[in-house]
Amino acid sequence: MPTVWITGGAGFIGSHLVRFFVYSHPDWRVVTVDALTYAGNLANLGEVLQKPNHVFSRIDIADAAAVETLWEQHPPDWILHLAAESHVDRSILSPLDFLHTNVSGTVTLLEIARKRWGSRKDVLFYQVSTDEVYGSLSQEGFFQEGSPYDPRSPYAASKAAADHFVRAYGHTYGLPYVISNCGNNYGPFQFPEKLIPLVLTHLMERRPIPVYGEGKNVRDWIYVEDHVRAIALLAEKGRRGHTYLIGAQNTRPNIEVVTLLCKLYDELTGHRDSESLITFVKDRPGHDFRYAIQPSPHLYELGWRPSVSFETGLRQTVEWYLTHTDWLDAVRTGAYRSFYEQQYGERLL
Ligand code: NAD
Ligand code: DAU
């Protein structure tokens, strides 16, 4: 039975990928490898935890001894690597956490994979990365294959470093790898520190909605399930040693996203005045202005298309958060509240 490790499988994107893989590949053993940090949550996996082809392992990917032990128990044929510190604002507050997981954690996995896999060519190290490694665009242009890396936040720098290590292992040791860089994901199970779920929690509690700067920064949004299908396809059929860009060609200024959320929220709940909660606050330091992705042509040749429009995906997302208040209450622990206070206390005074 082939085995795939999905690191970060209890996080937002990871949990969607684990679910997809467990159901679409019943002949594979799926091992979720996750430290369950503030962002990881077994509730994101639900019924998958009971499936006979799924195993959960709580380890820190930077702990070499723990990774070695897991390798003894469930040697992987593929590693789909998503475990990371993923929030830009937190990287500005505590960059060393990002060095630990995103850089040291990735290199720990690579090092053990290199030793254990040796010269095997039927294996795969798949690095799930971000468009933020390419820096910031002005009003024009796109990130495309071959665009130079120019990371500008501690988060982006840590992901760029990890991507470079993956390529270096491919070049130096012949490790078969694929990297994909994607834009802003949204959908169910996203931790409420990211823009869309944060806005929804503020709408539900009728609190001011913090929009950084003038709300003109542009992000390229994709529904999480579309990203997951692209990863699964590229893992199976993507060229080894290649870096792909994944995107739904859906760029929006933040203020447009927030206004759309307010309108949807009002329509679904009977409120009438949600837009009046929008509050412009002090900008994020070093805030990248615009991200826009030209998706890799090969991804289209393989048959991938985004299947969920932004309007449909947002509606599904709002409905999900409205009906999963227990999940929201459970993830907003004491640690979340102290981060929240540090991040928004002064901004929203
Ligand atoms: P997330 O923060 O929701 O989840 C991260 C997961 O990694 C959590 O389950 C956490 O417990 C786990 N983790 C963190 N440190 C760990 C460690 N040291 N050892 C083991 N597990 C650890 O993140 P996400 O939004 O689901 O992003 C997943 C991946 O996709 C990340 O690599 C991120 O850089 C990348 N990505 C995210 C987006 C996005 O919009 N969310 C876009 C492009 C790429
Ligand atoms: O582009 C891909 C990246 O998208 C991923 O690699 C990251 O893991 C993911 O977190 C996301 O990064 P962003 O910084 O773009 O996401 P965030 O949801 O934090 O912010 C989206 C935009 O909204 C950004 O321009 C900042 C703005 N924003 C965010 C928050 C949390 C606000 O205006 N107010 C807020 O309170």
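1. Which element gives the most to the shell around ligand 2? Strand E8 does, with three residues. The model under discussion is predicted, and the remarks below should be read accordingly. E8 spans residues 209–212 and is one of the elements that each supply at least two residues of this shell, together with helix H3 (88–93) and helix H6 (195–205).

2. The surroundings of ligand 2 comprise 25 residues, of which Asp131, Tyr155, Arg284, His287 and Tyr344 are the closest. By class, this shell divides into 10 nonpolar, eight polar and seven charged residues. Both domains take part: domain 1 (3–186 + 221–246) and domain 2 (195–218 + 251–287 + 310–338) each contribute at least three residues.

3. Several polar atoms approach the oxygen atoms of ligand 2. A polar side-chain atom of Thr130 is found 2.7 Å from an oxygen atom of the ligand, and one of Asn184 lies 2.8 Å from an oxygen atom. Tyr212 takes part through its backbone, a polar atom of which is 2.8 Å from a ligand oxygen. Of the 690 Å² of accessible area that ligand 2 has on its own, the protein covers 95%.

4. Which residues are the closest to ligand 1? They are Ile13, Asp34, Ser86, Tyr155 and Lys159, within a shell of 29 residues. The shell around ligand 1 contains 14 nonpolar, 11 polar and four charged residues.

5. Helix H1 (12–24), strand E5 (124–130), helix H5 (154–173) and strand E7 (184–186) each provide at least two residues of the shell around ligand 1. The largest share comes from E5, with three residues.

6. An N or O atom in the Tyr155 side chain is 2.7 Å from an oxygen atom of the ligand, and the corresponding distance for the Lys159 side chain is 2.7 Å. A polar backbone atom of Phe12 lies 3.1 Å from an oxygen atom of ligand 1. The protein covers 96% of the 820 Å² of accessible area that ligand 1 has on its own.

7. The largest nonpolar core holds 67 residues, and Ile6, Leu80, Tyr126 and Ile246 have the most contacts inside it. Helix H7 (residues 224–237) gives the most to this core, with seven residues. Why does the core lie between domain 1 and domain 2? It does so because both domains give residues to it. In soluble globular proteins, nonpolar side chains tend to be buried together.

8. Leu36, in the loop between strand E2 (29–33) and strand E3 (54–57), has a phi near 55 degrees, a positive value in a residue other than glycine. Arg206, in the loop between H6 and E8, likewise has a positive phi near 55 degrees. Most residues other than glycine have a negative phi.

9. Are these two residues buried or exposed? Leu36 has a relative accessibility of 19% and therefore counts as buried, the cut-off being under 20%. Arg206, at 27%, counts as partly exposed.

Terms used. Residues numbered from 1 in each chain as written. Chains lettered and ligands numbered in written order. Predicted model: local features only at pLDDT ≥ 70, side-chain atom pairs only at ≥ 80, totals over all residues. Heavy atoms only, no water. Near = heavy atom within 4 Å. Polar contact = N/O pair within 3.5 Å; in protein donor to acceptor, adjacent residues only side chain to side chain. Areas by Shrake-Rupley, 256 points an atom, 1.4 Å probe, with all protein chains shown as cover. Helix = DSSP H or I, 4+ residues; strand = E, 2+ residues; numbered from the N terminus. Nonpolar A, V, L, I, M, F, W, Y, C, P; charged D, E, K, R; others polar. Domains from an automatic or database assignment. Core = buried A, V, L, I, M, F, W, Y, C linked by side-chain atoms within 4.5 Å. Buried < 20%, exposed > 50% of the residue type's maximum accessible area, 1.4 Å probe, protein only.
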